[in-house]
Amino acid sequence: MLILAATPIGNLSDASPRLVQTLEKADYIAAEDTRTLKQLATALGIRLHAKLFSLHEHSDAERTAQLLEIATNHDLVVVSDAGMPTISDPGFQLVRDCSANGVEVVVIPGPSAVISALAVSGLATDRFCFEGFLPRKQGERVRAFQALLEERRTMVFFEAPHRILDSLEDAAHVFGQDRAASVSRELTKKFEHTERGSLAHLIEWAKGEPKGEMVLVIAGAQEKTYDIKELGIRALELAQSGIGLKQACAELALATGASKSAIYAEAILHKP
């Protein structure tokens with residue numbers, strides 16, 4: 001059996017009794033960093049007797065195969081440095097291999113920076129998407145935001161403190177200065193703070209060089225509204241420039257998301 005165990009993202013009091021019991025009894029544990037796991041165990045007063053394996057982003061196929069074999073015959077616990085393993089953390093490939101080979105995969109739920117930041121953001125929580133870590137290079141980061149320009153769900157990103165200002169400026173360039181957003185830092189820790197407001201406001205806040213791990217949450221795009229009658233009249237006006245009514249309707253449909261045929265029908269109604 002493969003056991004995915006969430007660990008605290010900051011506050012040790014968030015370690016569940018089930019997590020503590022599982023780590024104490026485990027014979028095999030795969031950790032993102034075995035040193036971090038040992039530090040956690042010491043802080044929680046746990047005496048580990050498990051055989052430890054490293055499982056990180058640079059682990060090769062041989063290590064994954066080794067862990068698959070262990071999970072096939074024994075219980076293997078997987079932990080990341082903080083939060084839920086596999087969520088922008090190692091373990092995805094192992095879960096997929098276990099699933100494909102009929103190995104049961106279970107979860108010990110716990111703290112999540114994604115859900116925590118979303119919950120305190122003050123933004124819509126009914127629908128959201130998690131985009132993981134933003135690209136480090138500006139060009140790639142801008143393209144990542146541009147691909148989400150029409151995304152209507154609330155968007156959640158991880159970002160490093162030394163890049164948060166650049167990322168906010170790129171986000172404002174793509175989504176607009178007025179788009180609502182929040183940045184949460186040091187979640188569950190002593191200096192936890194969430195700054196909320198427009199992207200323009202957050203840019204000014206970030207100029208103060210805030211420290212700590214960051215979670216950026218950005219509101220989704222608003223649903224486009226349009227007046228078909230007005231678009232029909234605009235299509236007629238565009239057609240007078242010589243581009244043709246159908247082409248005018250097509251261009252307005254592309255720009256607004258409205259139905260091309262609906263715009264055309266409305267234009268015909270108002271055609272002199």
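Predicted model: local features only at pLDDT ≥ 70, side-chain atom pairs only at ≥ 80, totals over all residues.

Colleague: Okay, where does Val183 sit?

Modeller: Val183 is in strand β8, which covers residues 180-185.

Colleague: Buried or exposed?

Modeller: Val183 is buried: its relative accessible area is 0%, and the cut-off for buried is under 20%.

Colleague: And what does Val183 touch, leaving out residues up to four places away in sequence?

Modeller: Ile164, Leu168, His193, Thr194, Glu195, Leu202, Trp205, Met214, Val215 and Leu216.

Colleague: How far is Val183 from Arg35?

Modeller: Their C-alpha atoms are 29 Å apart, and the two residues are separated by 148 residues along the chain.

Colleague: Switching to α9, which residues of that helix are buried?

Modeller: Helix α9 spans residues 228-243, and its buried residues are Leu231, Gly232, Ala235 and Leu236. Looking down the axis of α9, they fall within an arc of 145 degrees, so they line one face of the helix.

Colleague: What do those buried residues pack against?

Modeller: Two helices, α10 (245-256) and α11 (260-269).

Colleague: And which exposed residues are on the face of α9 turned away from the buried side?

Modeller: Glu237, Gln240 and Ser241.

Colleague: What about the ends, starting with what caps the N-terminal end of α9?

Modeller: Asp227 does, with a side-chain oxygen 2.9 Å from the backbone nitrogen of Lys229. After α9 comes Gly244, with a positive phi near 95 degrees.

Definitions and conventions: Residues numbered from 1 in each chain as written. Heavy atoms only, no water. Helix = DSSP H or I, 4+ residues; strand = E, 2+ residues; numbered from the N terminus. Buried < 20%, exposed > 50% of the residue type's maximum accessible area, 1.4 Å probe, protein only. Contact = heavy atoms within 4.5 Å. Arc of directions from axis to C-beta. Polar contact = N/O pair within 3.5 Å; in protein donor to acceptor, adjacent residues only side chain to side chain.
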